[in-house]
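Dear colleague,

I am handing over the structure that you will be working with, and below it you will find my notes on what turned up. Please read them with the model open beside you.

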Amino acid sequence: MGDVGRDGEGNDAPAKAAVATDGDGSTVLEGSDASSASIVSCASSASSDAQRSPRANVRAQVCRFLLPVFVPQLLQGKSQTVVQPMLPIFVKEDLHGSNTAVGLISSTYPIAALCTSAALGLVLQRCHYSTSSALSLCVLILTALLSSAAPTVAVFFAIRCMGGIAVAAFDLSRKAYMSAEVPNNVRGRITSLQAGLMKVAVMFAAILSGVVAERVATRSIFFVQAAFTCTAMLAILAHEGSKALLARRSLDAVDAERGVAAGGRGGGRRSGRGGSSSAPSIGLRTVARQHWQTILGAGGYCALVNGVRQTWVIALPLQAHSLGLSKEQIGFLVAWFRGIDAFMNLFVTGRIIDRYGRNRAAIPSLLLLAFSYLLLPLSRSAGTLMVAAAVYALGNGLSGGIVNYLATSLAPANARTQFLGLWKTVTSVGGFIFPPLFGVVADSTGSFSVSCSFISGVACFALAWNILFVREGVQDPEAREVVASASALVAASQLEEIPLPRALSRPDVEQVH
């Protein structure tokens with residue numbers, strides 16, 4: 001029912017919306033009823049659009065993040081993963097390292113992330129997302145070129161640690177951008193699609209890595225890494241340049257059309273900064289105190305999952321190398337399981353997470369990962385290795401994007417980079433501990449089977465941790481519709497300067513997850 005007011009004779013009467021005409025001769029509603037009518041119209045329009053073509057809306061949201069998220073991540077994924085398949089062989093053949101050295105070198109990025117992520121979260125709060133990403137990629141280009149000339153394991157370890165800081169900064173910048181920009185109702189699909197594209201990149205990068213290492217030299221893979229990283233940096237800079245140019249032209253056109261009237265209505269230009277620098281500064285201690293349960297619960301689960309994943313990166317090439325497979329064959333073996341992995345990410349995982357919840361993907365994923373580690377030491381040929389790798393790929397594909405999904409969904413809007421810095425500190429523990437521990441167990445016991453069984457047990461422990469300490473974190477479809485409608489109303493009020501109803505003017509409406 002409409003609001004009740006008083007007419008000129010003092011009788012109760014419905015309040016009327018005033019009608020006015022703007023400079024262009026258009027009719028404009030004024031008053032409380034006009035505000036309500038505009039808000040209701042916006043909400044009903046958004047609702048009818050969502051009901052009419054939900055798939056088209058999701059596809060449009062995915063396409064929106066093609067250039068700012070997917071392309072740089074795809075190229076950077078190639079640059080990092082072109083090294084991974086050959087990294088254990090490079091350490092053992094070129095640097096004459098042991099299995100323990102292989103595990104230590106493979107954990108350099110997690111070590112760097114563990115030591116610097118919290119501080120990076122504070123620094124990146126003052127930086128534009130794309131600026132920090134481009135600077136990080138510059139450092140990665142430098143470390144790739146230095147790695148090609150590394151003479152010893154110790155020097156290579158130091159260079160990789162420096163590159164790990166840059167990787168952590170790049171990852172935090174990308175996660176902060178996604179947390180700020182990607183809507184909740186498509187976040188599962190966006191993160192799983194991103195993970196799927198990363199694994200497509202890994203698939204082709206693994207083949208390229210094996211061919212280059214076999215036909216040229218193992219050290220040459222670092223030059224390929226530098227080339228891919230340079231391309232990713234150019235893609236980010238090109239996107240930001242084109243976006244800034246389009247925004248400037250659009251604002252100039254609006255200013256020319258509205259003239260002085262735009263300033264009179266309080267519609268001045270907004271800052272084009274996409275970073276979180278506009279948010280008030282919040283200390284790490286405050287963020288840790290407010291979100292410690294989330295960071296330790298969900299972050300601990302992600303740390304265990306990352307440890308299992310990072311260890312497989314060295315376990316599979318080591319087993320293949322011990323069976324006498326060539327570098328090209330190892331590259332194709334990695335490409336085989338990455339292809340299955342990517343298929344699961346691109347076509348299965350995101351839909352499961354968005355429709356049924358994260359646990360429907362996480363629980364079977366961890367069971368398959370545990371089983372794959374039991375199969376790996378039993379493999380005695382390229383064919384049996386492919387079976388073990390396929391089992392791992394199915395499990396890893398089901399969990400692809402879950403770490404990013406949790407990070408971007410749980411990050412608070414007023415302290416994204418600080419939270420993500422603490423989050424990455426915790427989640428890096430798994431990659432820091434388990435690959436070196438895998439190598440130590442293998443060297444000390446002289447049994448590859450024992451070390452693989454140990455990591456299988458870690459996957460089972462991650463499953464128990466997930467069930468006990470990690471909340472589902474996904475809304476049912478009706479709840480998502482409510483949040484989407486509230487977001488539409490808030491957006492309408494900001495664009496048309498219409499006062500919101502009291503229930504929607506609370507700041508927590510936009511923070512529902």
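Ser136 counts as buried because its relative accessibility is 5%, where buried means under 20% relative accessible area, exposed over 50% and partly exposed in between, with a 1.4 Å probe and protein chains only. Please keep in mind that this is a predicted model, in which local features need pLDDT of at least 70 and side-chain atom pairs count only at pLDDT 80 or more, while totals for chains, interfaces and linings use all residues. Residues are numbered from 1 along each chain as its sequence is written, and side-chain values use heavy atoms, with hydrogens and water left out.

To stay with Ser136, this residue has its place in helix α7, residues 129-147; helices (H or I, at least four residues) and strands (E, at least two) are DSSP runs, numbered from the N terminus. A polar atom of the Ser136 side chain lies 2.7 Å from the backbone oxygen of Ser132, and the side chain of Ser136 also reaches the backbone nitrogen of Phe170, at 3.5 Å. Leaving out residues up to four places away in sequence, Ser136 touches Ala166, Ala169 and Phe170, where contact means heavy atoms within 4.5 Å.

Ser173 lies in helix α8, which spans residues 153-181, and it counts as buried because its relative accessibility is 2%. Its side chain makes a polar contact with the side chain of Ser132 at 2.6 Å; such a contact is a pair of N or O atoms within 3.5 Å, and within protein one must be able to donate a hydrogen and the other to accept it, while residues adjacent in sequence count only if both atoms are side-chain atoms. A polar atom of the Ser173 side chain also lies 2.9 Å from the backbone oxygen of Ala169. Beyond four places in sequence, Ser173 touches Leu124, Tyr129, Ser132 and Ser133.

Gly163 lies in helix α8 as well, and with a relative accessibility of 1% it counts as buried. Gly163 is in contact with Tyr109, Leu140 and Thr143, once its neighbours within four places in sequence are set aside.

Lys78, in helix α3 (residues 66-81), counts as partly exposed because its relative accessibility is 21%. Apart from residues up to four places away in sequence, Lys78 touches Ala201, Phe204, Ala205 and Phe228.

I also looked at one pair of helices. The axes of helix α12 (residues 284-322) and helix α14 (residues 359-375) come within 12 Å and cross at roughly 35°; here axes are lines fitted to C-alpha atoms, for helices over the stretch in contact, and angles run from 0 to 180 degrees between N-to-C directions. In this pair, Tyr301, Val305, Val308, Thr311, Trp312 and Ala315 in α12 meet Ala362, Leu366, Leu369, Ser372 and Tyr373 in α14.

As for the chain as a whole, its secondary structure comes to 19 helices and four strands, and 49% of its 513 residues count as buried. Among the contacts in the chain with a separation of 6 or more, 82% are between residues 24 or more positions apart.
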